[in-house]
Amino acid sequence: MARLTPEQWQSIRIVWEYDPDEPSFDVAAARAAKKYDFSAPRRQSVHERAKRECWQRRGSLNGINAAAQRRADRQMSAAHVPQPEGLPDAIPPAPDSASPPAPDGVRSPSPAAYAVAAREADIDKRADTNKRHRQEWVNVAVLRNEAVSLRVTDPVRCSERLRQVKIMAEITAIQQAGERKAWGLDVPFNAGDLENLSDEALAAIAGGRAP
């Protein structure tokens, strides 16, 4: 295997340090190699270089998820919420954790530029999912209200439709819980992680940013 250039090693380090899902050494190497078109080194080689150069994690899902919630707030308040007449025909695909594509002509971005691009891409994906989850509960509420409106004129039909809405709500809850777990949308907050953080890092977390 050909030796990697300093720029190629830097691209692996940037992915490992800044990707918010905190990839392993071999995953970081594979992502960088795919993006910048070179052969990924062995995991042990990446591990040894990371230890020698004292690589440190700099990405976090906590700040990204908080920012995604705020972005979903703005999107939901700015857009008209459609009132569906029936069940949705399709469910949009869930987000993936792939890194954003590099701009044309750029082989290895600076750590700051990469961090900004990766953060914005992940916020957008999670904001879209949060927005869809909220809309799905609006759909449930609309169908529930339609069922309740029949309670006087057609109690039997009202009861049957409410049972259908209950099933729909349960399915929605199960699906969304699975998606949120699979994509790390609800990262648990660990107060013990704050003990060794600087005032600047704590301020970043309070502002919904990665420290």
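**Entry 1: cores**

I looked up the largest nonpolar core in this predicted model: among its 15 residues, I12, F25, A32, F38, V46 and W55 touch the most other members. A nonpolar core here is a set of buried Ala, Val, Leu, Ile, Met, Phe, Trp, Tyr and Cys residues joined through side-chain atoms within 4.5 Å. Buried means under 20% relative accessible area, with a 1.4 Å probe and protein chains only. I then checked which elements give two or more residues to this core, and found α1, α2 and α3. Helix α2 gives the most, with 6 residues. I also noted a second, separate core of 5 residues, which includes V140, L143, M168 and A169.

**Entry 2: ground rules**

I number residues from 1 along each chain as its sequence is written, and side-chain values use heavy atoms, with hydrogens and water left out. The model is predicted, so local features need pLDDT of at least 70 and side-chain atom pairs count only at pLDDT 80 or more, while totals for chains, interfaces and linings use all residues. Helices are DSSP runs (H or I, at least four residues), numbered from the N terminus.

**Entry 3: α2 against α3**

I took helix α2 (residues 25–36) and helix α3 (residues 43–53): their axes come within 8 Å and cross at roughly 100°. Axes are lines fitted to C-alpha atoms over the stretch in contact, and angles run from 0 to 180 degrees between N-to-C directions. That makes α2 roughly perpendicular to α3 (65 to 115 degrees). I listed the contact (heavy atoms within 4.5 Å): F25, D26 and A29 in α2 meet R43, V46, H47 and A50 in α3. By class, I get 4 nonpolar, 1 polar and 2 charged residues. Ala, Val, Leu, Ile, Met, Phe, Trp, Tyr, Cys and Pro count as nonpolar, Asp, Glu, Lys and Arg as charged, and the others, Gly among them, as polar.

**Entry 4: α1 against α3**

Helix α1 (residues 6–18) packs on α3 at about 85°, with the axes 11 Å apart. The two are therefore roughly perpendicular. W9, I12 and R13 in α1 meet S45, V46, R49 and E53 in α3. I sorted these into 3 nonpolar, 1 polar and 3 charged.

**Entry 5: W55**

What does W55 touch, not counting residues up to four places away in sequence? I found W9, I12, R13, W16, E17, F25, V46, R49 and A50.

**Entry 6: confidence**

Mean pLDDT (the predictor's confidence in each residue, from 0 to 100) is 74, and 57% of residues reach 70 or more. Residues 83–100 fall below 50, with 36 contacts beyond near neighbours in sequence. Residues 102–106 are also below 50, with 3 such contacts. Where pLDDT is low, the predicted coordinates should not be read in detail.

Key. Parallel < 35°, antiparallel > 145°, perpendicular 65-115°, else oblique. Buried < 20%, exposed > 50% of the residue type's maximum accessible area, 1.4 Å probe, protein only.
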